[in-house]
Amino acid sequence: MSAPKPAPDLTTLAARAGEEARPNRSAPLVEPIYQSTVYAFADLDDLDRAMSGEEPASFYYRNGTPNAATLERALAALEGTEAALVAGSGMAAISAALLGVLQAGDHVITDARVYGVTYALLQEEFPRLGIEVSFVDACNHEEVAAAFRANTRVLHVESLTNPLMTVPDLPALAALAHERGALLSVDNTFASPAMLRPAEHGADLVTHSVSKYLSGHSTAFGGVACGRADLIAQARTRLLRLGGTMSAFDAWMTLQGLKTLGLRMRAHSGNAQAVADVLVNHPRVKAVYHPGLSDHPQFHLAMDLFPQGFGGMLSADIEDAPGFVKALAGRIPLAPSLADVVTTLSWPWGTSHRPLPEAERRRLGITPNLLRLSIGIEDIGDLLGEFEAALEA
């Protein structure tokens, strides 16, 4: 009996995943964009098989397009899960994934450090639906354990938190949640499956904003939820009823960016580590938040969970943040997003975490002088020169 073929490297998988086998005749190398909003059927039996799900087929745009289906296959393969569901935004994906398993009377535990709009969703919207939410420090296991109740259904965290780059112990949290009959949900946007696959560490649901590292070029918008087939089917039902469909064009654009994910993430990760190593020693930088620094509170855990690196994100508390931003004007853009191939700056106080009350922002360590750096794939010598010049300006 022949030995099983080894699984392909992520770089190969990212370049090819989701694509159907091509016939031995002339065919497009890149999947076309299927912009049609509706599809015709030969007879009632074909239509019935498509509508019932007995046979995979497109029939109406809101229910999914061929491009979305290709992207779903690719992302499930990259995250190592049974299924995936793409949505019109990252928040639509998180909402669908959580609402697929929650109902009135249930309880959710979440890290207080989650992305600001996720915080607002859980703090303001879920209670209106009769869903209780507790905010905890996900890196404090005693605090997490104490927050569980008989009606706790989900523990939600980020694999790398935005913007302070803390690292929850995913295997320990998965074990804790499963012991209590709950699911572990992980937003993996900052890491991407090139750096971490949360399902391998016990996560039941994995979400992303695909407009970040998965597409990689600030040209596509959407979200994805990955996980067990039954959980994704429940999320899909909620998403279709709420109307959070991803466009065919955004799915197609994401697929083009996805092909270089492995290559890009290696460059992002190496550059970010180099920038962190320089900034942490500069007298005008009060603090640097990056898991690859030896004084990071979860450094050893991070090295275990992220053997390939940590992606391109870090944050720094700059002595004169407004002056630093002005000194970089024309070279490093100030942009309220992340994960482009070019380096950008963001201001969490006034953008990503603006929905949090001021007192909560300060309690978490998000101050007006904190800048989030999304390090791109440029030449590292050029980047370091620009940052050092701006700090001296």
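Predicted model: local features only at pLDDT ≥ 70, side-chain atom pairs only at ≥ 80, totals over all residues.
Two packed helices are described by the angle between their axes and the distance between the axes. The crossing of α3 past α9 is left-handed. On the α3 side, the contact is formed by N67, A68, T70, L71, A74, L75 and L78. These residues meet A248, A251, W252, T254, L255 and L258 of α9. Sorted by class, the residues of this contact comprise 10 nonpolar and 3 polar members, and no charged residue takes part.

Helix α3 also contributes to the largest pocket, to whose lining α3 gives the most, namely 6 residues. The space in this pocket amounts to about 740 Å³. Its lining consists of 29 residues, and those nearest the centre of the pocket are A57, N63, A69, E72 and R236. Two or more lining residues come from each of α2 (44-52), α3, β1 (83-87) and α8 (229-242). The lining of the largest pocket is made up of 17 nonpolar, 7 polar and 5 charged residues.

The axes of α4 and α8 come within 7 Å of each other and cross at roughly 125 degrees. Because of this angle, α4 is oblique to α8. The crossing of α4 past α8 is right-handed. From α4, the residues in contact are A92, A96, A97 and L99, while α8 supplies A235, R238, L239 and L242. This contact between α4 and α8 contains 7 nonpolar residues and 1 charged residue, with no polar residue.

Helix α4, which covers residues 90-99, in turn supplies at least two residues to the lining of the second largest pocket, as does strand β6 (205-209). The contribution of α4, with 3 residues, is the most that is given to this lining. About 400 Å³ of space lies in the second largest pocket. The pocket is lined by 23 residues, among which Y115, N162, S209, K212 and L338 lie nearest its centre. By class, this lining has 9 nonpolar, 10 polar and 4 charged residues.

Helix α4 crosses α8 and gives the most to the lining of the second largest pocket.

Terms used: Residues numbered from 1 in each chain as written. Heavy atoms only, no water. Left-handed = near helix turned anticlockwise from the far one by under 90°. Helix = DSSP H or I, 4+ residues; strand = E, 2+ residues; numbered from the N terminus. Contact = heavy atoms within 4.5 Å. Nonpolar A, V, L, I, M, F, W, Y, C, P; charged D, E, K, R; others polar. 1 Å grid on protein atoms, 1.4 Å probe; cavity = no way out; pocket = protein on both sides within 12 Å on 5 of 7 lines; lining within 4 Å. Points joined across faces, edges and corners; volume = space filled by probe spheres on them. Axes fitted to C-alpha atoms, helices over the stretch in contact; angles between N-to-C directions. Parallel < 35°, antiparallel > 145°, perpendicular 65-115°, else oblique.
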